[in-house]
Amino acid sequence: MGESRRGHQDQQYDLRRLFALRLRALMRASEVTVRALLRGSEALVPRPGRSAPLSNGTVSGWIRTEGTPSVPEDWAAVELFVDTCVAHAAAHGKRLPEELTDKQVWRAVHGLLEEARDWRGGERTAAEHPATDHAVQVGPGRGSGLVPKPIAEWNPHELGVHPAVSTDALPSYVLREHDAALRELLSSQAAGNRLIVLKGGSSTGKTRSLYEAVAGLLPGWALIHPPGVDTLHEVLVQGMRPRTVLWLDELRNYVEADPQQRVLERLCLLRQQRGQVVVVTTLWPDYWAQLMAGPEPGRPDKYRQARLLLRPGGCELIEVPREFNPDERGRAALLAKGDTALAAAVRSAETAGTPGHIAQILAGAPDVLHHYENEGGDPYGRVLISATMDAGLLGRPGPCPRALLKEAAPGYLSQEQRAEAADDWFEDALAYATRKLKGAVRALTPVPPEDGMGVAGYRLADYLEQHAREHRRRAAPPASLWKALSAHTPDPDQRSRLGHRAYLLGFYQYAAAFYRPAAEAEDPHAMRWMAECLKKGGYADEAEQWLTRAAGDGDVECMSQLVYGLVELGRNEEAEVWLERIKGHDEALALEEGEGAGEFDSFGDDEGGGNYTVTMISVAEQLAEWGREDEANQWWDRAAAAGDFYALTGTTNDLCDEGRADEAVALWRPHAEAGAPRAMFQLAICLWKSGDEDESVAWFKHAEEEGQSHARAWLARFLHDAGRSAEAAALFRADAEAGNIFSMSDFAKYLEAAGSTDEAEHWCGELIGSGHFYAVSVLARVIATGHDGKGQLASEWSRRLSDSGDFHSMRELAGELDRRESPDLSWEWWLRAAEGGDLPAMREVARRSWDDGRHTEAATWYRKLAADNDWRTLREFPAVLEEAGKGDQVVAWLRTAAEEGATFAMTELAELLWHAGDVTGSEIWFRKAAGHGMSFAADQLAQLLNANGRDQEAEQLRRFGVDPSGRTAAAWS
């Protein structure tokens, strides 16, 4: 027993050290410092309690390799670590190796750690050991509240099949083209689990298609239908028996209800395990596009796990068309002879001029949309539907309680409607909104509480939710909705999302209202945001009080914010007091971890003095923005003297540029010799620039050995430029084979210059779809030269690029073909990218169409761009009209776009009217734009007011901003 336990302890230590090294490798690859990691993790956590931000002590314990690293107990914290590194890398243009970003691998290693930590000298029980390996385990029992049963024992409506209008029975099912692919997947179940996603719009027959396929091909399999994300997570953790169908509702419901993506991660793991479990779900096309688009630069990648799940190989994706094709309509007509409900739907579709919309009519979609849009309907009931739509769009999904709807409604109504409302207006309105249409569908469906009787709230029909996403996304909800949301949104996650949305729209009074409860409960994150809202709203003194309160409780970020604000106001002595407190905080942490204060961490990724020097750098950057360059340089020099990595990098870069590389070497050498990997890398660069190539090569190799994976590529480039081609080629090849796309490009260029064209083209092929320009330029050359005997290669590369959805590379290819004077070929790629929805390509297609005299075609593209609120188009097309002698059409064109909700059109129109002397019209449109969340429109409006002698109004506007109606906001603190 003693030997067994000792062996286990050794194994546990090895696993811990492996995990620590892996964490370090990810930090090095993403070039994230400890300080940036802590700050980045905080940005990814909407509120404390759900998953706390990472702390210095926690991270230092995990990555320690001297002694025994600590074990991360909470997977959510590890996931936050990974997500923060990935977000940091994306924000700085770093490409990370797949093996360091794949959460399935991270989860597996963490699972081994958990197993080792919980080992007690014997086998763990099934309850202690979730299924993370091989065969899927026996399914959930009574504890989950679920009883697996064959599909025949389920009511199809319980599984989400829409009731058909005018009948309680399911109408005859019309087999459609996508059913063949679905049924082939279900009939070919073998050893592997399978995730099947049907992608299609609301009320197109997705769920009915799944129901019919499972009932026909897997009638004896057990079916589980978890009612929510928590229950689904429980099912996935406990595991399922073989021959089980896991039936999920619309996938977006689980994505939005699970910010940590734990369910999606479990589904990814399930997909890779052996067993016979089929997971089926549905997804709307616009939401699929949102999930697959990837994050904006610098923003956290909150849908990365969803993309891993939905990528080819992660799931089986089947498209469900919106309309029945002619063959399917023919089959429907034959079945309709014996089915009155289907016959009525076929006739209605024909009469409406939309013969393919049979599924929508069966589900009552046109009826519920008409019920909402019908101007002859109850205006008060329609308002409740609109309020529910807008609440979901702003970030409060799920049922809306009646009190919220009642308080939100007045802002949607005219003065006359409010004055004429009967005493029981709300009950009548609610009856209208919840009326069952043709016995099948409601605009708002009453939802009971999780336990007990009654109505907890009202859920929007999914067809109307889809309609809202397409047609109300630029609506400006009234102030009454913001107030009602603040009063009736208890969930902290939703309050945080709503507060951030209000802040981005410039409605600081409402943002503060969402953050205030948590701030008053001493939540530092909320206190910081509260201070930011107050500062934006013109309440600088109160903002400082909130920051001081949080800083006094030890929140370092608030201390830093105070330093910035005090320096801005010239209160430097007070700023120095807080800066010293930050330094003391860092020193205390360093002593706690057994390290010296103000020094590089042993692994070389800390920023020297941590919060202390980062604050200095931030102050320097702020001062530079304010035009106070001399002060900025002083703060920058202070940070460098304190050992800040980035400040030192800037200083040594300047020294090298000035020909003083020896001085730069002297600055980096002590840190490199102390074992800091990034200092080793910087020292190698400076040594090369100083002329000491041999020592430089040695330090590049040291840096690579310590995890600086990019060191090899840099050394290869230096060697190549120095004429040491053979050494460079060996390094290029090794780095390219390791997956470094930049080294692939460099190696391909080297091979091409050396005459190895075929191998060069092989590496270019690997780069297609990666966004790398060199591969695109080679492809353009092959295409433009008539393939030069390489038609198959060109076709394969073109197909690969087209399939990748990499619109940037398509545009680069089109531009390169233009430079090679191949306009017809370039047009094909411009058009392909434009038809995929790429805005720059759409602009180019519109311009070329106009220049070629195809004005009607160009106008169509410009209209699409205006509908997407593309500010470049809304500025450029009026100029195009002016040049074409059609200046009289500009105001009408902008007005149309503005009335359709294009906010940039509102500001352009306002400016145009201002310059034309129409001050009243200009003010109206500036206020509308500001009410739609265009904060700079309020600044322009203030300028307009000043120019017309309305200085007091302008001052109030600048201080308090506007409310959602566009009116100048009143004092609100």
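A residue is called buried here when its relative accessible area is under 20%, exposed when that area is over 50% and partly exposed in between, using a 1.4 Å probe and protein chains only. The structure is a predicted model, in which local features need pLDDT of at least 70 and side-chain atom pairs count only at pLDDT 80 or more, while totals for chains, interfaces and linings use all residues. Residues are numbered from 1 along each chain as its sequence is written, and side-chain values use heavy atoms, with hydrogens and water left out.

View A. Helices (H or I, at least four residues) and strands (E, at least two) are DSSP runs, numbered from the N terminus. Helix α42 (residues 807-819) has 13 residues and spans 18 Å from its first C-alpha to its last, close to the 18 Å expected at 1.5 Å a residue, the expected span being 1.5 Å times one less than the number of residues. The buried residues of α42 are S809, M810, L813, A814, G815, E816 and L817. Just after α42, E821 adopts a positive phi of about 55 degrees.

View B. Six strands form an open sheet in the order β1-β3-β4-β5-β2-β6, with mixed pairing, where two strands pair if DSSP finds at least two bridges between them. At the edges lie β1 (149-150) and β6 (316-319), each of which pairs on one side only. Helix α7 (residues 177-187) packs on the sheet and touches β2 (194-199), β5 (277-283) and β6, its direction making about 160 degrees with that of β6; contact means heavy atoms within 4.5 Å, and axes are lines fitted to C-alpha atoms, for helices over the stretch in contact, with angles from 0 to 180 degrees between N-to-C directions. Strand β1 pairs with β3 (residues 222-224) in the antiparallel sense over two bridges, and K149 stands opposite L223 in β3.

**View C. Helices α47 and α48.** The axes of α47 (residues 890-899) and α48 (residues 903-915) come within 8 Å and cross at roughly 145 degrees. On the α47 side the contact is made by V890, V891, L894, R895, A897 and A898, and on the α48 side by A905, M906, E908, L909 and L912.

**View D. Two loop residues with positive phi.** S203, in the loop between β2 and α8 (206-217), has a phi near 60 degrees, a positive value in a residue other than glycine. S203 is buried, with a relative accessible area of 5%. R243, in the loop between α9 (229-238) and β4 (244-250), also has a phi near 60 degrees, but R243 is partly exposed, with a relative accessible area of 42%.
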